[in-house]
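Hello,

Here is the structure I promised to pass on. My notes on its cores and pockets follow below it.

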Amino acid sequence: MKESGYYAAYGLRIRSEVALPHFGAAAPGEPDVVVRLGAVPEALPRPRRTSRRWEAAPGDFLLRVEDKLRYRVTGGREVVVERPDGEDGLAAVYLMGSVWTALLQQRGLLTLHASAVYSEGGATLFLGRSGAGKSTLAAALAARGFNVLTDDIAAVCAAAPQEPPRAMPGYPNLRLWSDAFARLGLPLESRRRVRDGIDKHLLPAERFAAEPQTIRAAYVLGKRKTEALEFSRTKPAGAFWSFKRHTHRRRFVDGLGNREGHFHALARLSRSVPVTLVTQPAGGVSPDLLASRIERHLAADPQP
């Protein structure tokens, strides 16, 4: 049996036989989630939803990535990984994406394609398509004194009507393309690659919020041909569709049997959290300028 390590991410203690260096370290103890190596079937016995690479049923999820690299997630508590010998690095990359999203959804959390930072006023989410600059903006705000809360996948607890929606702490690293380091004025030398062959590197967060945080505001990062940076507040109905559109792995929801809970979580989040659309010029703006404008906008303390 391979020796296990203990990790922390999204408020969970994880015991894993796959090395997860991007996650935070945790003390040994009773785990919330176990990641182990083992045999994974090529298909689920009774999937509700299927695609070329994944299958989902209530409490059960299977992902096929490459030849002999498969994952099975059950009950939000166990991940079984079948991978080629010695391929921990590749196995960890995919585990931290779609696989972990399926696990978080099984645990009843809303998963958003978003980065998040934290200040005294609460957590702020940055939603957008891949390449919109979510991680770069989080890094720019971290340089201005904000705490990093999560990168790429934001797990939101919005199930309890009597409690405000909270964002769970992800892991203490940001994942940036090499050009983002240049735009931020940061050295790229000695940065660890997220994956071999991909020009994306890790930026450790000097300030990391390790506890769940109430969500204060959300910004949707967009681009179109405008002459200046613009901020426009959306109505609750628009906020609902923004959160729905930026749900990470939205197609998993129905297969995992979470449609009703997902809808109610989206509705509660859109009623509680103000959403602002950030429209940028076609060529974009510098990360520092955008961070400065976001900071000034937050100082106005937007309310639902």
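This is a predicted model. I began with the cores. The largest nonpolar core has 38 residues, and Ile14, Tyr71 and Trp100 touch the most other members. Helix H1, residues 88-106, gives the most to this core: 11 residues.

Leaving out residues up to four places away in sequence, Tyr71 touches Val40, Phe61, Leu62, Leu63, Val65, Val80, Val81, Leu90, Ala91, Tyr94, Leu95 and Val99.

Two or more lining residues come from each of H1, strand E10 (110-119), helix H2 (134-143), strand E15 (173-177), helix H3 (178-184) and helix H7 (287-299). H1 supplies the largest share, five residues. By class, this lining splits into 17 nonpolar, 14 polar and 13 charged residues.

The second largest pocket holds about 340 Å³ of space. It is lined by 18 residues; Ala139, Ala142, Ala143, Leu186 and Leu203 lie nearest its centre. H2, H3, strand E16 (200-204) and H7 each give two or more residues to this lining. The largest share, four residues, comes from H2. What classes make up the lining of the second largest pocket? There are 13 nonpolar residues, five charged and no polar ones.

Best wishes

Note on methods: Residues numbered from 1 in each chain as written. Predicted model: local features only at pLDDT ≥ 70, side-chain atom pairs only at ≥ 80, totals over all residues. Heavy atoms only, no water. Core = buried A, V, L, I, M, F, W, Y, C linked by side-chain atoms within 4.5 Å. Buried < 20%, exposed > 50% of the residue type's maximum accessible area, 1.4 Å probe, protein only. Contact = heavy atoms within 4.5 Å. Nonpolar A, V, L, I, M, F, W, Y, C, P; charged D, E, K, R; others polar. 1 Å grid on protein atoms, 1.4 Å probe; cavity = no way out; pocket = protein on both sides within 12 Å on 5 of 7 lines; lining within 4 Å. Points joined across faces, edges and corners; volume = space filled by probe spheres on them.
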